Amino acid sequence: MTTVARVARVARVARVARVARVARRTRLATRPALMGGLAVILGSVLLIAGNGESPAGASSGSITLYSGQHVQTTQTLVAAFEKKTGITVNVRYDDEDTFVAQIETEGKNSPADVFFTENSPPLEELASKGLLSSIAPSTLAHTPAKDNAPDGKWVGISARVSVMVYNTSLLKASQLPTSAMDLAEPKWKGKIALAGAETDFQPIVTSVARAHGDAAALTWLKALKANAGSHIYPDNETIADEVNRGQVALGIVNQYYWYRERAEVGASNMHSKIAYFAPHDVGYVLDVSGAGILKSSTHQADDQKFVAFLNSAQGQTIIAHSESFEYPIASGVTRTGETPFKDLQPNSISIAQLGTGAEAIKLLQEAQLL
């Protein structure tokens, strides 16, 4: 089966899950408390650009953005960019795996100009097919080289790290496993939640396969599926919610889902915490969100301006202060209120080793988790 066919199959299997995920993300993005916070953030960050007005000679063009990123993150960044440059950004939202299949099918006729993702494999997939333009060196220079495409075809924007989220009434911190591999043990049967169709889970699968081989990774996935039983959910948002409500004891999610859950329900209603696997464990994976420009785009200059904005001090400050709870990774901007980015100790797997995600998709299909 070709990569395109595999991705298309994933998209079909996840269609119902995707509808639920988008609905939940949209609901979170439009909650009054969050929208009020975003308005304050946007107003404050615009001051960085000066008086908040479009600069003289600003472009009046437009670009189309395919965004697999979270709605509120994208909305705030786009609004600030439009205000600064006068360039209109038409945004289409969907899961990144769906967009990959769509772009590969559309080819040179794709209406997309820029692709903004949650994870690096979708961008690597498009780069491997020769569908992305090179990012301007001056833009790449704002993000550490290890967090950009090895060939410069896309640029890293933000990051998140995989953690355990556990219900404090059902588990004590001392009972947590030190490795993701331990979750295959029989003692975790009925106690763990899994979101195999979530693209955020694929880098963990790749990490396990790189460390232990495909056969061991498949055995591990089948054991996880058996242990999860009925607790196989469509996405990380659901895992965070189900764990917090005590429906299941533990799950693996990216850290920002727990913070988003807390923002949604309030700190007094949190009955869960997050914990890290042992330093450099295969389940302790750093995921990079990035942006790439479609080679077929006829708006290359404006595309480059948008991508440059995302990892500029202004764009990164929006990410640092937004309730997306992602880590900014460019222009020297840092985030407070979470484990400092510099203190994280993830697995050393590289962007190149994470690859296109095809290996993980194949294993997830064989384990019947896709």
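The model is a predicted one, where local features need pLDDT of at least 70, side-chain atom pairs count only at pLDDT 80 or more, and totals for chains, interfaces and linings use all residues. Residues are numbered from 1 along each chain as its sequence is written, and side-chain values use heavy atoms, leaving out hydrogens and water.

Let's start with charge. Side chains of opposite charge can pair when their charged atoms come close. Searching the whole structure turns up 12 salt bridges (a side-chain nitrogen of Lys or Arg within 4 Å of a carboxyl oxygen of Asp or Glu). One of them joins E104 to K129, with the closest N and O atoms 3.5 Å apart. This pair links distant parts of the chain, 25 residues apart: E104 sits in helix α5 and K129 in the loop between α6 and α7 (helices are DSSP runs of H or I, at least four residues, numbered from the N terminus). E104 counts as buried because its relative accessible area is 16%, while K129, at 41%, is partly exposed (buried is under 20%, exposed over 50%, partly exposed in between, with a 1.4 Å probe and protein chains only). E104, E125 and K129 also form a salt-bridge network.

Helix α15 has its own pair, K362 and E366, 4 residues apart or about one turn of the helix. Their closest N and O atoms are 2.5 Å apart. K362 is partly exposed at 44%, and so is E366 at 36%.

As for packing, helices α10 and α11 meet at an angle of about 60°, their axes 9 Å apart (axes are lines fitted to C-alpha atoms over the stretch in contact, and angles run from 0 to 180 degrees between N-to-C directions).

Key. Helices (H or I, at least four residues) and strands (E, at least two) are DSSP runs, numbered from the N terminus.
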